[in-house]
Amino acid sequence: MNQFGMTIDGQTVQGEMPSCIVLNPANEQEAFTAPVASIAQLNKAVESAKAAYPQWSALSQVQRDGYINKIADVIEQNASELAEIIVKEQGKPMQLAQMEVGGAVAWTRHTASIEVPVEVYEDSENKRIEGRRKSIGVVGSITPWNWPLMIAIWHIIPALRMGNTVVLKPSELTPINTLKLGQLLQDVLPAGVLNVVSGSGDVGRAMSEHKDINKLVFTGSTQTGQNIMQAAATNLKRLTLELGGNDAGIVLPGANLDAIAEGLFATAFINMGQTCAALKRLYVHESQHDELCQKLADIAEKQVVGEGSADGVTFGPVQNSQQLEKVIALVEEAKQQGATIYAGGVRPDKPGYFFPPTIVGNAQSGMRVVEEEQFGPVLPVIKYTTVADAVAAANSVEVGLGGSVWGDVEQASELASKLECGSVWINGHAEVLPHAPFGGCKMSGFGVEFGLEGLLENSLLQVVNINK
Ligand code: NDP
């Protein structure tokens, strides 16, 4: 029997399919086993969410906020255990896992505090027209393995707050913290309001085709997002698709490198680079390229790479072998094509999916490490001659999640509108906040999360036209 079960209709349930093994990426050993749902169990979870919907959606906002704040309390009370699970199955250093749990609490509380206004389109002597927000129904959520708890909260809390009920499916690579969350919330939420099913292979697809799921939120790859969009046509599901990116940062000529090097490193290598909005390509004026690469390399060499729960470790493993293989292949190809490895670049000879923070200088357009999302601990640095060239190169990829400009604030702000992406940071990158909407354009998906706009994506607009 698995240590953690799924949550269906308020009960802990084991999977009807053979369990799957969850590895600890720091030693490649089994850390947990996880239940795998059958499609019949997924259907039960959706039925339960559908049955719970009328009562949950009829609650007042104040009543639902009471529940949501209790969710935050419960996460806070179980913070240590949740962080330990995250380190074991995801690999990140303990401090970062604690930050993830703290972020989940902060996001939950903030989302409960956002006012949802009634819009008034006309209020004249004889007529009043209002835009009111209604819940949608059953929301499906499919979450990834990089920030498993945080992203689950990003998906489910706005959905619950707006009166929807939820079926949540974590990645089969990191399901345990989410299963634990589901079990903890059995004592908080009415049965059926939040169901958690784990599985691999066909549960996600069955969710995207399910006629009783009215909206789906997905964070993951563009290819899977496209598959979901096709399947969602069965019942015209609403979608929020957050499909990652290949974010460019542009360092303006003459920028103070000492002032920005730490920030560049931190935002490129956040969570070992496994973050959708991490800085993934860095464009630097040719006069400053070598100096900046060296400064980044000096910071990289100071990282302590190791198992996330060990004292002093600042840099954990890549989460899974497939991602590690991709990172290694991109670095090897870049080396062969003439790039300069300023730091890292070699997998340590020990168990675990470790790869040190790697600075690839003299990278060029056309190299896969530049053109593709590496989603791992590698930063390609590319020389440019004119700022216009850098902007064109930044915009040359198919995706458009985030981008950044580093240097003089006024010049950088002017450049922001030229970048084809959903968020632009000036002298920063990868900073997402519960009160600022976040989402991508182009092949990075559509829809936003966070802030009022993120909340409204979990609702339907109903226009009420009153003839007085
Ligand atoms: P995927 O993007 O393929 O997502 C896997 C999840 O999607 C699983 O839960 C899976 O469920 C579900 N799924 C698969 N096919 C479908 C479908 N047709 N309809 C609905 N759900 C489906 O992730 P991977 O883990 O394979 O990662 C691939 C790449 O995605 C990474 O290399 C990275 O570049 C990127 N990525 C981006 C993230 C981001 O934050 N934007 C996060 C993680 C990865 P089931 O197992 O049941 O099929």
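This is a predicted model: local features need pLDDT of at least 70, side-chain atom pairs count only at pLDDT 80 or more; totals for chains, interfaces and linings use all residues.
Start with helix H1, residues 39–58. At 1.5 Å a residue, its 20 residues should span 28 Å. The end C-alpha atoms lie 29 Å apart, which agrees. The helix also has a kink of about 40 degrees at Ala 52. That kink comes shortly before the proline Pro 54.

Which residues of H1 are buried? They are Gln 41, Leu 42, Ala 45, Val 46, Ser 48, Ala 49, Ala 52, Tyr 53 and Trp 56. An α-helix has 3.6 residues a turn, so residues three or four places apart point the same way. Ala 52, the site of the kink, is among the buried residues.

Next, look at helix H3 (residues 79–90) and helix H6 (residues 176–185). They pack with their axes 9 Å apart, at an angle of about 155 degrees. Angles over 145 degrees count as roughly antiparallel, so H3 is roughly antiparallel to H6. From H3, the contact takes in Glu 81, Leu 82, Ile 85, Ile 86 and Glu 89. From H6 come Ile 176, Asn 177, Lys 180 and Leu 184. By type, the contact residues are 5 nonpolar, 1 polar and 3 charged.

Asn 362 sits in strand E15, residues 358–363. Its phi is near 50 degrees, a positive value in a residue other than glycine. Ala 430 also has a positive phi, near 65 degrees, and is likewise not a glycine. Ala 430 lies in the loop between strand E19 (423–426) and strand E20 (441–442). Is Ala 430 buried or exposed? Its relative accessible area is 14%, so Ala 430 is buried.

Note on methods. Residues are numbered from 1 along each chain as its sequence is written. Side-chain values use heavy atoms; hydrogens and water are left out. Helices (H or I, at least four residues) and strands (E, at least two) are DSSP runs, numbered from the N terminus. The expected span of a helix is 1.5 Å times one less than its number of residues. The bend at a residue is the angle between axes fitted to the seven residues ending there and the seven starting there. Buried means under 20% relative accessible area, exposed over 50%, partly exposed in between (1.4 Å probe, protein chains only). Axes are lines fitted to C-alpha atoms, for helices over the stretch in contact, and angles run from 0 to 180 degrees between N-to-C directions. Angles under 35 degrees count as roughly parallel, over 145 as roughly antiparallel, 65 to 115 as roughly perpendicular and the rest as oblique. Contact means heavy atoms within 4.5 Å. Ala, Val, Leu, Ile, Met, Phe, Trp, Tyr, Cys and Pro count as nonpolar, Asp, Glu, Lys and Arg as charged, and the others, Gly among them, as polar.
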